[in-house]
Each structure stands twice: as C-alpha cells, then as structure tokens.
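Me: I would like to go through a protein model with you, please. Could we begin with the strands?

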Amino acid sequence: LDTAAAPTLDALIIGAGFSGMYQLHSLRDRLGMKAMVLEAGGGVGGTWYWNRYPGARCDSESHSYCYAFSEALWREWEWTERYPGHEEIRRYMNFVADRLDLKRDIRFNTRVIACRYDEAANLWRVSTETGEGFSARYLITAVGCLSTANIPKIPGLEAFQGEWYHTGSWPQEGVDFTGKRVGQIGTGSTGIQAVPVIAAQAGHLAVFQRTANYSVPARNKPLTPEFKAWVRDNWAAIRETMHSTVNGHPFTIEDRSVHEVSDEELKAILEKAWERGGLQFRANFRDVLLDEGANAKLANFVKDKIRSIVKDPETAAKLAEIDHPYAAKRPPIDTDYFEAFNRDNVALVDVRADPIERITPKGVRLRSGKEAELDIIVFATGFDAMTGPLMGLNIIGVDGKTLAKEWEAGPRTYLGLQVAGFPNMFTITGPGSPSVLCNMPVCIEQHVEWITDCIAHLRANGIARIDTTGAAMEDWGREVERAANATLLPRVPHSWYLGANVPGKPRVFMPYAGGMARYRRHCAEIAAKGYPGFVLERGEPAQAAA
Ligand code: NA7
C-alpha cells in the first residue's frame with residue numbers, strides 16, 4: 001500500500017476507548033501535536049462500544065471507572081448507579097469526547113490491518129481495511145486487553161440453523177430472547193452477568209459450564225444524592241486513594257491476615273462483606289491472594305453461600321465444585337446469578353463431565369450423545385486477552401521483524417510499554433503492565449501520562465527515536481514472573497491471565513502482579529533517571545520522510 005502520499009502525522013493512535021481518547025487529548029491539547037485516532041467501531045467507547053450483551057456492566061464502581069485527570073470533568077458528570085451499565089458508560093465516553101472536542105480527530109469505522117515501521121523515514125506506515133494509508137512518527141496502540149473475541153472452534157457451528165453471538169461483539173440493536181431456547185457457553189465474569197438477564201426473557205436457558213466459578217453479589221443500586229455530592233466534592237481524595245492502592249480501586253486492602261482472626265470473627269467479617277458486595281469482598285485481608293490456607297477460608301465461605309442459595313442439590317454441587325483459589329482467576333460479581341438456577345426455565349449443563357462434541361444444525365451435542373435443541377447460542381467464551389488485539393494489527397518493526405514472531409514464545413515488553421525493535425511505538429496497557437489486574441482507567445491514565453511525558457521529553461531534546469532492548473525486556477520479564485509467583489495467580493492452569501484459554505497460545509503470565517502503586521513509582525523513577533532500559537537516538541534520520 002502506498003502510504004507515502006498520505007499526510008504525515010505526529011502521532012497515530014489506534015482505538016477510541018478510554019486509552020485512545022485520553023492519549024489524543026494529551027498529545028493534541030497538551031503537547032500541541034498533530035494526532036489522530038483510528039477506530040474500528042462506529043463510535044467511541046472501545047470495549048464498551050462492542051460489549052452490549054444483556055447485563056453488561058462494569059465491576060469497578062462508577063465513581064472510579066472514569067477519568068480522574070481533570071477535576072472539571074469529574075465534577076460535571078454524575079453517575080446514576082453503583083456500577084455503570086454499558087449504556088451509561090457509552091454516554092459518559094460520548095460526554096467526554098464532546099466536552100474535549102475529540103471526535104474531529106477520530107476516524108470511526110476504520111479498522112487498522114497493518115502497521116510497518118519505515119526505518120529510512122523513521123515513520124510508522126499504517127494501513128486500514130478500506131485501503132487507506134497513514135504515516136506518523138509515533139504509533140500508540142490503545143486497543144485494549146479484552147477486545148479480540150475467543151470463539152472456540154467447535155465443529156459444526158457453520159451449519160447451525162439458529163442465531164449465535166459472542167458477547168464481546170453484540171448486535172447494536174440487541175437480541176430478542178422472548179420465548180427462545182437459548183444455550184450459553186461460558187461462566188466467566190461475562191456469562192455470570194448475562195445468565196439472570198437472559199433467563200428472565202428466554203423460554204429456556206441452558207448454561208454450559210466447563211469450570212465452576214466463584215461470584216460475590218455486586219449489590220448494585222442507585223446512588224443517593226448524598227453519595228453523588230460526596231463524590232463530586234472529593235475528587236482529590238478519591239484520586240489519591242486510587243493512586244495509592246494495589247489495584248487502583250478506591251478502597252484499601254486491610255493489613256490483616258485471615259489467620260489472625262478467629263473462625264467466628266472471620267464469619268462475621270465475611271457476612272458483612274457479602275452484604276456489602278463487590279470486588280472489595282477480599283479487601284478485609286492482605287493474604288487472600290498470597291496464602292493458600294487463607295484463600296481456602298474465603299473460598300469455602302463462598303461455596304457455602306452457593307449451596308445455600310441454589311435449591312436443587314445436584315445443581316448446587318456442580319456450581320460449588322470450584323477447583324481454583326478464590327480470585328486467582330478474575331473474580332466475577334453478580335446480580336442474582338446463583339438465584340437464576342432456581343428458575344424453572346434454567347438448566348446447568350456440566351460440560352466438564354460431558355464435553356461439547358459438536359454443534360449440530362439444531363443445537364449442541366455432548367459426548368454422551370445428549371443434544372440440546374437451541375434457537376440461539378451465546379458465546380460468553382472470553383477473549384484472546386492482551387496479545388490478541390496487538391497481533392490483529394500485524395505489526396512489523398525494524399529489519400522486517402514481526403511482532404507475531406517476536407512473541408511466538410509469549411509476549412516480551414519493557415514495562416508493558418515498548419517492545420525492542422519497534423521504535424517509537426508505545427503499547428498502552430500492554431502485556432507486562434498491571435492493566436487487567438487493575439481498575440482499568442487508573443492504569444490507562446498512568447500509561448497515557450507516562451507516554452505523553454516521554455514524548456514531550458523526546459521532542460524537547462531533539463530525540464528522533466526511542467526503542468528498548470532485549471536485555472531490558474528480559475529484566476522486566478523476570479520481574480513480571482517474580483511478581484506473579486509471589487501470588488496464587490499463576491497456580492490456575494486454565495486462566496486467561498496465562499493465555500491458557502486460547503488453544504496454542506504460549507503459557508506466559510501476562511499482567512504485572514506487583515501492584516499498580518509500585519508500578520507507577522517504578523515507571524516514574526525510570527523517567528526521572530533519564531529512561532534507563534530505553535535507547536534514545538538524537539536527530540533526524542539520514543533520509544527525510546518519504
Ligand atoms: P472468561 O473469563 O475467559 O470466561 C470464559 C468462559 O467461557 C469460561 O467459563 C470458560 O471456561 C468458558 N469457555 C471458553 N471456551 C469454552 C469451550 N470451548 N467450551 C466450554 N466453555 C468454554 O471471559 P469473560 O468474557 O467472562 O471475562 C473476561 C473479562 O472481561 C473479565 O475477566 C473482566 O475483566 C471483563 P473455562 O474456565 O476456560 O473452563
């Protein structure tokens with residue numbers, strides 16, 4: 001593709017979710033750069049543009065699931081519920097985009113299919129599905145971590161006569177389940193949100209469970225005027241809390257071991273936490289993700305709850321047959337998930353005991369020969385996390401090296417921000433960053449601000465190229481591994497944190513588990529010391545831009 005004729009930009013950003021929007025604002029309005037966003041969707045929102053499945057709602061509390069870089073923006077927006085639903089998040093994203101006048105520099109319905117570093121010109125050449133080409137000095141990927149659908153290759157799907165959908169690319173007009181026989185495959189965070197909402201509408205819902213999962217009630221509710229006023233007037237304090245906590249949430253984890261309290265005290269604490277609901281269920285103790293014994297106590301509490309909610313003992317037993325430590329896979333929170341199994345029109349199908357063999361024209365057939373006849377199949381089967389969205393960009397760096405080849409044995413990055421041999425390319429929330437273990441907007445803001453400061457530094461000092469080295473990536477890779485191994489997280493063999501949900505994907509623990517606050521300090525220190533681990537090259541390249 002001839003991209004030489006296209007206007008050269010200072011920066012090209014891929015994706016118009018939380019990351020891309022803030023990156024555009026930072027480069028354009030703070031540094032005065034010529035920047036543009038290319039976005040595959042027809043509107044802003046990133047993951048929330050596509051995830052419109054029934055029950056789609058964020059598990060972070062609304063007052064923390066938003067931008068915190070501007071007090072003015074913060075004060076102007078008012079959330080309605082404890083957790084924001086997908087529609088409200090899209091309204092918020094549109095509010096921000098309009099308020100900051102971002103849309104004029106976002107090209108919608110523009111899917112990037114290739115990015116190539118042109119070494120002679122020191123420019124990134126980017127091509128889109130429709131054959132357009134763009135050139136830019138900096139390439140910033142803002143493609144999200146959970147945006148490439150994982151649709152299992154179950155034989156027969158192409159011949160299925162009903163409708164089928166993946167939750168992560170849900171039709172904008174919605175799906176009418178009224179009176180339909182629905183089969184949902186998957187019981188992760190997404191599936192657990194969708195089940196009760198689909199069940200309330202469908203004629204019958206079969207939930208295909210391969211791995212039983214913990215879930216804690218979300219206890220979603222409308223926000224009171226008092227809470228809204230408190231949020232509006234406490235921007236600085238809430239922001240400070242989010243910046244100081246391990247996972248970027250607006251609550252702190254108590255410095256107390258599960259083993260320090262008696263069984264009675266523990267029960268009282270957990271009952272209270274269960275009533276309060278939400279991701280802070282484990283925040284009463286510091287060692288839930290560090291100590292198997294401590295974890296087992298919380299895990300047993302949740303399993304008892306499941307057995308007490310679900311009336312049919314066989315179904316209850318299958319739902320509570322959970323074989324990983326609590327929160328070692330991303331812990332879901334729900335609204336009436338386990339309760340949904342008490343409905344007459346919901347059935348649990350244990351596909352660990354009796355795996356799905358194929359999809360037939362009429363439904364799903366199990367190995368035993370049993371067949372569930374279905375009108376609609378919902379794939380709540382998750383994502384090719386973290387690396388999937390980057391691989392989809394077909395990135396080529398110096399000397400024709402491809403990111404796919406570089407990451408054949410698993411992703412390698414420096415700080416989750418750069419990959420050696422891909423100069424002037426930054427990966428917001430890339431593998432090796434805390435990203436999916438953190439409240440996303442907090443992680444995103446830190447990345448965007450770090451990248452913006454870095455680019456400002458390069459421009460101020462006449463530096464034309466920034467790259468990292470294999471050695472820096474090795475060091476950071478070891479730190480990511482060390483941080484993960486200090487927790488129970490890598491002990492789950494089938495977790496998407498490890499890439500284990502996608503057949504053939506290398507098993508590497510991808511996110512940095514050392515905590516957001518620590519990561520923030522480390523990145524700041526690297527910048528303050530003059531960017532050790534990065535290679536900064538002065539001046540313009542010999543050849544001018546083509
Ligand atoms: P997850 O957490 O990856 O969950 C996917 C679910 O789909 C999980 O229960 C899987 O079972 C199941 N699955 C995947 N493939 C199959 C096949 N082939 N057969 C049966 N079941 C299957 O994705 P989510 O969308 O729920 O959540 C992703 C993140 O989005 C979430 O953590 C939040 O951060 C937002 P398995 O456990 O692999 O046995």
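Me: Which residue is the bridge partner of V364 in strand 15?
Reply: The bridge partner of V364 in strand 15 is A372. Strands here are DSSP runs of E with at least two residues, helices are runs of H or I with at least four, and both are numbered from the N terminus. This is a predicted model, in which local features need pLDDT of at least 70, side-chain atom pairs count only at pLDDT 80 or more, and totals for chains, interfaces and linings use all residues. Residues are numbered from 1 along each chain as its sequence is written.

Me: How many bridges join strand 14 to strand 15?
Reply: Strand 14 (residues 363-366) is joined to strand 15 by three bridges, and the two run antiparallel. Two strands pair if DSSP finds at least two bridges between them.

Me: What sheet is formed in the order 13-14-15?
Reply: It is an open sheet of three strands with antiparallel pairing. Strand 13 (356-359) and strand 15 (371-373) are at the edges with a single partner strand each, so one side of each has no neighbour in the sheet.

Me: And which strand order does the open sheet of five strands have?
Reply: The order is 7-16-8-9-12, and the pairing is parallel. Its edge strands, strand 7 (163-166) and strand 12 (346-350), each pair on one side only. Strand 9 (residues 204-209) pairs with strand 12 in the parallel sense over five bridges, and A206 stands opposite A347 in strand 12.

Me: Changing topic: which residues are closest to the ligand?
Reply: The closest are P152, G186, G188, T190 and G382, among 23 residues that surround the ligand. A residue counts as near if its C-beta atom, placed from the backbone, lies within 6 Å of the molecule.

Me: Where does the largest share of that shell come from?
Reply: Helix 5 (residues 189-201) gives the largest share, three residues.

Me: How do helix 14 and helix 16 cross?
Reply: The axes of helix 14 (residues 440-460) and helix 16 (residues 516-528) come within 11 Å and cross at roughly 0°. Axes are lines fitted to C-alpha atoms, for helices over the stretch in contact, and angles run from 0 to 180 degrees between N-to-C directions. Helix 14 is therefore roughly parallel to helix 16, a term for angles under 35 degrees.

Me: Which residues of helix 16 make the contact?
Reply: M516, R520, C523 and A527 of helix 16 do so, with V442, C443, Q446, W450, D453 and C454 of helix 14. Two residues are in contact if their C-beta atoms, placed from the backbone, lie within 7 Å.

How values were computed: Parallel < 35°, antiparallel > 145°, perpendicular 65-115°, else oblique.
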